[in-house]
Amino acid sequence: MTGAEDSDGDRLGRVFLCRVAEPGDETVGRSVRRFGVREVVRRLREGGEPLPGMSATRWAGLVARAGRAEPERDLATAGATGARFVCPGDAEWPGQLDDLADARPVGLWVRGRAGLRMWALRSVAVVGARACTEYGTHAAATLAAGLAERGWVVVSGGAYGIDGAAHRGALAARGATVAVLACGVDRPYPRGHAALIDRIAEQGLVVGELPPGDHPTPSRFILRNRVIAALTRGTVVVEAACRSGSLATARAAQRLGRFTMGVPGPVTSALSAGVHELLRGEAALVTDAAEVVELVGDMGELAPPRRGPVLPRDLLEPAARAVLAALPGDRAAPADEIALGARTTRDEAIARLYELRALGYVERHGDGWKLTRQSVIPLRDGHRPC
């Protein structure tokens, strides 16, 4: 970046472009890269020759919007609500957003005290369906809380459902969370999450590309998702139907070379069908925060191995286990029959039976041996040793 890129004139120009161009407008982004912010602003204000690659109709629309843009007023409105404008060249600008190339935001509006750049370096996106199930809510909140406890920043879109559960999970763990909105940061959306978004602004960060007062549209939600994907090291989709917008975040993460993960759900649930389709592709299956960190974290941050419970009988020596397995479950048996079933000698079987009696697994019944209740109940519950 040159010194001019950091000047007040370029900053005002970027605020101006936030008001005029839609987020992710690659034609405008390409022109900014080729000609610079000031030249693009000049052309829009004068309404002269269209930018390269732009139709006359679209150019006329941008020029009309440029006539109403008041960047100084937008900055003042943002400042009154505690928001600031962060743009490329600032110390707070997250460098990974540059991976979006010409679709990179011209700037970001940020509410909150923390530094966006530092938080983004160790962040994970947790996204999913708005109309989620109780399972999805629980999975998202637990996952986000686990990430927050491990020092990771949870990024999501502030929407109902999985997004809200992820934010609340991180906040409950007294962790860091970032809400990336598809509207002005001074106008929380959805309305029902106004209190939640205000709390995120106090404990975390609220971020958006659109200037103060702008409202969300369906296309802006989809375009917002590319910022979530680029800002983070990886994206976890908790619940998503086949047409869910959260899959756009996952696809954007894949295009950017970020980790893409999915939390599996019931195969009978339509809300998990999109996640399962991701998992059939290049996405990694994760079930908790430790598995997420193993993928996105530093070398050596491994998830603990999964093992079933260790039962007392699992600690027996192989010879003793063979004798125990040879006892019938419904009656007493003589030592000869037990030795035959265990494929050992009678003397060895008797020695092991006395050992098992001392441990409470078998008892003597006349000339025979029988399993105790302690041995039979685990077998009936299906807890046979592997």
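Predicted model: local features only at pLDDT ≥ 70, side-chain atom pairs only at ≥ 80, totals over all residues.
Student: What radius of gyration does the chain have?

Tutor: The chain has 31 Å, whereas a compact globule of 386 residues would have a value near 21 Å; the radius is taken over C-alpha atoms, and the globule rule is 2.2 Å times the number of residues to the power 0.38. Along its principal axes, the C-alpha trace spans about 105 × 35 × 35 Å.

Student: And what percentage of the residues is buried?

Tutor: Buried residues make up 51% of the 386, where buried means under 20% relative accessible area, exposed means over 50%, and partly exposed lies in between (1.4 Å probe, protein chains only).

Student: New topic: how many salt bridges does the count come to?

Tutor: The count comes to 25, a salt bridge being a side-chain nitrogen of Lys or Arg within 4 Å of a carboxyl oxygen of Asp or Glu. Side chains of opposite charge can pair when their charged atoms come close.

Student: Which residue does D10 meet in a salt bridge?

Tutor: D10 meets R38, at 3.2 Å from N to O. This pair links distant parts of the chain, since D10 sits in helix α1 (residues 8-20) and R38 in helix α3 (residues 37-46), 28 residues apart. D10 counts as buried because its relative accessibility is 5%.

Student: What about D102, which residue does it form a salt bridge with?

Tutor: D102 pairs with R30, and their closest N and O atoms are 3.6 Å apart. D102 lies in the loop between β1 (83-86) and β2 (108-111), R30 lies in helix α2 (residues 26-35), and 72 residues separate them. With a relative accessible area of 14%, D102 is buried, whereas R30, at 32%, counts as partly exposed.

Student: Why are R280 and E277 separated by about one helical turn?

Tutor: They are separated by about one turn because they are 3 residues apart in helix α12 (residues 273-280).

Key
Residues numbered from 1 in each chain as written. Heavy atoms only, no water. Helix = DSSP H or I, 4+ residues; strand = E, 2+ residues; numbered from the N terminus.
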